[in-house]
Amino acid sequence: MKGFPLLKAKTVWSATVLCLLAGVFPCSRGSAFGQSATKRASGDLILSAPEKDLLAEINALRAHPDKYVTYLEGLKPFFKGKQYQPGKQRSFTTKEGWVAVEEAIAFLRSVKSPAPLSLSRGLCLAASTHVKDQAGNGATGHKGSDNSLIENRVKPFGAWDGAIGENLSYGNETARDRILTWLIDDGVASRGHRKRILSADYKVAGLACGPHPEYGVMCVLELAGGFKDSIRKSFH
């Protein structure tokens with residue numbers, strides 16, 4: 001379902017509600033979703049503004065995780081048990097309450113800043129494949145309509161080294177909103193989204209954002225230790 005506390009499938013907190021916390025942290029919506037996700041011209045890959053923003057936000061987090069502690073700490077006054085109510089807005093029931101945010105804060109304070117992620121054309125193409133698939137069928141989750149997972153989707157575009165993983169986000173959210181959702185990881189026992197975006201095991205990334213029939217927009221983030229593209233093209 002769309003809305004706090006669950007964005008259907010693989011993200012947990014609806015950052016639309018986080019943006020209601022005026023004064024807690026900036027929530028600009030200047031990066032509205034454009035005409036298409038990962039645009040292509042003459043075989044070259046061109047990132048849309050939301051895709052560029054998301055990569056920049058991830059690398060900002062990796063460079064300065066302490067800054068995101070401040071954003072999360074500002075949410076505490078709005079919790080009462082597992083209920084979350086930003087000001088006069090309606091209350092939402094979370095799965096874990098403040099404990100998930102508190103755990104994210106402790107994690108951010110302890111983590112070492114990993115190197116920034118480099119952009120991989122092959123991973124972007126794999127991410128775009130998943131966006132196009134779910135744009136057509138309205139599905140959510142990591143499995144494609146052919147039951148493929150990220151390990152299968154990347155094969156037409158190259159080969160990865162080391163670890164490989166995927167984060168998904170559904171909804172018309174800003175890049176920072178998506179990052180905060182992944183950091184909190186409410187109801188996700190493994191905290192996999194949080195760990196992936198701050199893991200030094202991942203050195204390259206691919207992104208694609210595109211329309212989704214139920215949630216407006218979806219974004220796919222692919223991560224790997226390394227990636228060798230099967231076709232070499234320049235970025236613009």
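In this predicted model, strand E3 and strand E4 (residues 83–84) pair in the antiparallel sense over 2 bridges. The secondary structure of the protein chain comes to 8 helices and 9 strands, and 53% of its 236 residues count as buried. Among contacts in the chain with a separation of 6 or more, residues 24 or more positions apart account for 71%.

**The E3-E4-E5 sheet**

- The pairing of E3 with E4 belongs to an open sheet of 3 strands, which has the order E3-E4-E5 and antiparallel pairing.
- Strand E3 (79–80) and strand E5 (92–93) stand at the edges of this sheet and have a single partner strand each, so one side of each is left without a neighbour in the sheet.
- Within the pairing, Phe79 stands opposite Tyr84 in E4.

- In helix H3 (residues 65–73), the residues Pro65, Tyr68, Val69, Tyr71 and Leu72 are buried.
- Seen down the axis of H3, these buried residues fall within an arc of 165°, so they line one face of the helix.
- An α-helix has 3.6 residues a turn, so residues three or four places apart point the same way.
- The buried residues of H3 pack against helix H2 (49–63), helix H4 (98–110) and H7.
- Just after H7, Asp185 takes a positive phi of about 50°.

**Asn167 in strand E7**

- Asn167 is found in strand E7 (residues 158–170), and it counts as buried because its relative accessible area is 0%, where the cut-off for buried is under 20%.
- The side chain of Asn167 reaches the backbone oxygen of His193 at 3.3 Å.

**Salt bridges**

- The count of salt bridges comes to 6.
- Arg109 forms a salt bridge with Glu73, in which the closest N and O atoms are 2.5 Å apart, and this pair links distant parts of the chain, with Arg109 in helix H4 and Glu73 in helix H3, 36 residues apart.
- In that pair, Arg109 counts as exposed at 57% relative accessibility, whereas Glu73 counts as partly exposed at 36%.
- The side chains of Glu103 and Arg191 also meet in a salt bridge, at 2.9 Å from N to O, and here Glu103 lies in helix H4 while Arg191 lies in the loop between H7 and helix H8 (192–197), 88 residues apart.
- Glu103 is partly exposed, with a relative accessible area of 35%, whereas Arg191 counts as buried at 5% relative accessibility.
- Glu166 forms a salt bridge with Arg153, the closest N and O atoms of the two being 2.6 Å apart; Glu166 lies in strand E7 and Arg153 in helix H6 (residues 150–153), so the pair ties together parts that are 13 residues apart in sequence.
- Both Glu166 and Arg153 are buried.
- Salt bridges that share partners join Glu96, Glu103, Arg191 and Arg194 into one network.

**Surface**

- The protein chain exposes about 10400 Å², and carbon and sulfur atoms supply 53% of that area.

Definitions and conventions:
Residues numbered from 1 in each chain as written. Predicted model: local features only at pLDDT ≥ 70, side-chain atom pairs only at ≥ 80, totals over all residues. Heavy atoms only, no water. Helix = DSSP H or I, 4+ residues; strand = E, 2+ residues; numbered from the N terminus. Buried < 20%, exposed > 50% of the residue type's maximum accessible area, 1.4 Å probe, protein only. Polar contact = N/O pair within 3.5 Å; in protein donor to acceptor, adjacent residues only side chain to side chain. Contact = heavy atoms within 4.5 Å. Areas by Shrake-Rupley, 256 points an atom, 1.4 Å probe, with all protein chains shown as cover. Pairing = 2+ DSSP bridges. Arc of directions from axis to C-beta. Salt bridge = Lys/Arg side-chain N within 4 Å of Asp/Glu carboxyl O.
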